[in-house]
Amino acid sequence: MATSQPNLYSFPNTEALAKQLRSYVLRCQNAALARHDTFRIAVSGGSLPVVLANALLAASNGTPEDTPQFSKWHIFFADERAVPLDDKDSNYLLLKNELLSKIPAELGAPTVHAIDEQHVYTGDTQALADLYQEDLMRSFAARESVKLPVFDLILLGCGPDGHTCSLFPGHALLREKDAWVAPETNSPKPPPKRITLTLPVVTSALHIAFVATGGGKKEILKAIFDNDEGRSLPSALVNHGAGDKVSWFTDHPAVEGIAFPRRGSL
Ligand SMILES: O=C(O)[C@H](O)[C@@H](O)[C@H](O)[C@H](O)COP(=O)(O)O
């Protein structure tokens with residue numbers, strides 16, 4: 001467990017949030033490119049792709065620091081629904097529609113690691129998770145000694161029950177220690193079949209950001225940040241496991257009445 005605390009940022013509206021999220025993601029990108037000339041990132045579904053697109057498709061100030069170098073990005077999915085890639089429930093389709101298809105050609109194209117669609121049709125969610133883990137191994141485990149992949153950045157959402165990725169409260173998956181990617185066959189949020197990064201993979205990332213906006217998130221954020229009973233919620237477990245590597249990007253309605261100290265800028 002980390003001894004440091006997560007960073008909780010709160011902004012007046014989603015435009016202000018997107019601006020700061022852009023700075024944050026590009027700082028992570030620039031540090032990663034300086035380190036290993038590639039930027040390995042995982043993204044969630046839900047409301048995140050829209051906010052991310054607002055952040056990244058905004059006009060650059062023209063400096064290299066403020067420019068997404070998409071050709072050096074490897075984008076993975078923090079979780080994905082076991083559906084074909086053109087299904088309305090696919091996180092890949094959502095990201096494609098909101099962001100990937102709108103990236104101007106001069107910014108280059110990212111390498112996107114989608115699930116193996118053929119294994120969606122077999123209905124074998126374990127095999128789907130295993131194949132995605134193999135994809136991660138090809139990208140991260142050049143050496144056999146690599147125990148866990150270390151993403152440069154993982155971008156997450158937080159559900160009204162405190163779930164993140166497809167890690168749901170009280171689920172045995174939260175105790176997974178070895179697998180990098182695991183199947184979920186009975187998700188309380190539809191569709192039921194999914195694959196997800198496991199908690200050790202999430203907390204091993206260099207940077208982890210949650211985006212949670214709107215008054216509908218108020219109660220669950222209070223439970224995560226202010227109440228001891230919320231400690232076992234999946235999103236709280238990310239906070240406890242990764243400490244100040246975690247940054248929450250929220251708007252004011254989502255954190256109304258929360259005692260945990262918050263900041264208004266990076
Ligand atoms: O594919 C999914 O279902 C998501 O990855 C899931 O973990 C999502 O991030 C949360 O449910 C928050 O969703 P919202 O941002 O829409 O509240």
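**Exercise 1. State which strands helix H5 lies across, and at what angle to S7 the helix runs.**

Step 1. Helix H5 (residues 125-140) lies across S7 and S8. Helices (H or I, at least four residues) and strands (E, at least two) are DSSP runs, numbered from the N terminus.

Step 2. H5 runs at about 160 degrees to S7. Axes are lines fitted to C-alpha atoms, for helices over the stretch in contact, and angles run from 0 to 180 degrees between N-to-C directions; contact means heavy atoms within 4.5 Å.

The model is predicted: local features need pLDDT of at least 70, side-chain atom pairs count only at pLDDT 80 or more, and totals for chains, interfaces and linings use all residues. Residues are numbered from 1 along each chain as its sequence is written, and side-chain values use heavy atoms, with hydrogens and water left out.

**Exercise 2. Give the strand order and pairing sense of the sheet of three strands.**

Step 1. The order is S4-S8-S7, an open sheet with antiparallel pairing. Two strands pair if DSSP finds at least two bridges between them.

Step 2. Strand S4 (79-81) and strand S7 (181-184) are the edge strands, each pairing on one side only. From one strand to the next, the twist averages 20 degrees.

Step 3. Three bridges connect S4 with strand S8 (residues 194-197). Glu80 stands opposite Ile195 in S8.

**Exercise 3. Describe the sheet of seven strands and explain why S1 and S5 each have a side without a neighbour in the sheet.**

Step 1. The order is S1-S10-S9-S6-S2-S3-S5, open and parallel.

Step 2. Strand S1 (7-11) and strand S5 (111-112) are at the edges with a single partner strand each, so one side of each has no neighbour in the sheet.

Step 3. S5 is joined to strand S3 (residues 73-77) by two bridges, and His74 has Thr111 as its bridge partner in S5.

Step 4. Helix H3 (residues 91-98) packs on this sheet, touching strand S2 (39-43), S3 and S5, with its direction at about 140 degrees to that of S3.

**Exercise 4. Characterise the residues around the ligand.**

Step 1. There are 16 residues around the ligand, counted if a heavy atom lies within 4 Å of it. Ser47, Asp79, His163, Cys165 and Lys217 come nearest.

Step 2. The shell divides into two nonpolar, nine polar and five charged residues.

Step 3. Oxygen atoms of the ligand lie 2.5 Å from a side-chain N or O atom of Ser47, 2.9 Å from one of Arg81, and 3.0 Å from a backbone N or O atom of Gly45.

Conventions
A polar contact is a pair of N or O atoms within 3.5 Å; within protein, one must be able to donate a hydrogen and the other to accept it, and residues adjacent in sequence count only if both atoms are side-chain atoms. Ala, Val, Leu, Ile, Met, Phe, Trp, Tyr, Cys and Pro count as nonpolar, Asp, Glu, Lys and Arg as charged, and the others, Gly among them, as polar.
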